[in-house]
Amino acid sequence: MSDFLTLARERYSCRAFSDRPVEAEKIQALLDAAVAAPTAVDKQPWHAWVVETPEAVERLAACTRFHFDARVIVAVGAKEDEAWVRKYDGRNFADVDASIVATHIMLAAHSLGLGTTWVGHFNAPAVKEAFPEMADYDLIALFPLGYPAENDEPSAKHFERKPLEDLVTRL
């Protein structure tokens, strides 16, 4: 468990990348981590797109100012009609499942020496127009991906955490 806690605490939102290309094996390892993610009733309603050609990265970067000039961007989305729905209140778990997958991607990136950040601030309709293959999905997040630049460091807020007693209630 200490290895996981170390990984979880050391991972930060990387916002500056070096020019070093990301190896195909590392992208594959991220995707393997995504596939290993649990989803409600194992429905797996998610999909990931690895945007890696310069032309495609440029199209996607035009849909958000938070691309940080990454050479690779992973998009994650989900289909509500493929997800489990809780019968008691009709709660659809597509976004939860995709978020679990996205978290696996973020943690796997850090474990591989890569940096990324969860980007939720993007123009989803523009992304779907630029990439018609994403049109039927609820786009959850974009992950600019690469090796952190030498001068990149966690933001000051990364180290600010509410006390446990403010976040957890034992009943």
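Reader: Where does Val41 lie?

Author: Val41 lies in the loop between helix H2 (24-35) and strand E1 (46-51). Helices (H or I, at least four residues) and strands (E, at least two) are DSSP runs, numbered from the N terminus. This is a predicted model, where local features need pLDDT of at least 70, side-chain atom pairs count only at pLDDT 80 or more, and totals for chains, interfaces and linings use all residues. Residues are numbered from 1 along each chain as its sequence is written, and side-chain values use heavy atoms, with hydrogens and water left out.

Reader: What about phi of Val41?

Author: Phi is positive, about 55°, although Val41 is not a glycine.

Reader: Is Val41 buried or exposed?

Author: Val41 counts as exposed because its relative accessibility is 55%. The cut-offs are under 20% relative accessible area for buried, over 50% for exposed, and partly exposed in between (1.4 Å probe, protein chains only).

Reader: And Gln44, what is its phi near?

Author: Phi of Gln44 is near 50°, again a positive value in a residue other than glycine. Gln44 sits in the loop between H2 and E1. Gln44 has 44% relative accessibility, so it counts as partly exposed.

Reader: Switching to salt bridges. How many does the structure hold?

Author: Six. A salt bridge here is a side-chain nitrogen of Lys or Arg within 4 Å of a carboxyl oxygen of Asp or Glu.

Reader: Which residue does Arg59 pair with?

Author: Glu55, with the closest N and O atoms 2.6 Å apart. Both are in helix H3 (residues 54-61), and because they are four residues apart, about one helical turn separates them. An α-helix has 3.6 residues a turn, so residues three or four places apart point the same way.

Reader: How accessible are Arg59 and Glu55?

Author: Arg59 is partly exposed, with a relative accessible area of 32%. Glu55 is partly exposed too, at 48% relative accessibility.

Reader: While we're on H3, which of its residues are buried?

Author: Ala56, Val57, Leu60 and Ala61. They lie on the same side of H3, because they cover an arc of only 135° around the axis. That arc is taken from the directions from the helix axis to the C-beta atoms.

Reader: What does the face turned away from the buried side carry?

Author: That face of H3 carries the exposed residues Pro54 and Glu58.

Reader: Back to salt bridges. What joins Arg86 and Asp89?

Author: Their side chains meet in a salt bridge, 2.9 Å from N to O. Arg86 is partly exposed, with a relative accessible area of 28%.

Reader: And Glu160 with Lys157?

Author: Those side chains also meet in a salt bridge, at 3.7 Å, N to O. Glu160 and Lys157 are both exposed.

Reader: Which residues make the patch of negative charge?

Author: Glu80, Asp81, Asp136 and Asp138 gather there, on the surface. Asp and Glu count as negative, Lys and Arg as positive; His and the chain ends are not counted. Patch members have over 30% relative accessible area and no salt bridge; like charges are joined within 9 Å, nonpolar side chains (Val, Leu, Ile, Met, Phe, Trp, Tyr) within 5 Å. Each charge is placed at NZ of Lys, CZ of Arg, CG of Asp or CD of Glu. Accessible areas come from the Shrake-Rupley method with a 1.4 Å probe, and for residues only the protein chains shown count as cover.

Reader: Where does Asp81 lie?

Author: In the loop between strand E2 (72-78) and helix H4 (94-111). Asp81 counts as exposed, at 69% relative accessibility.
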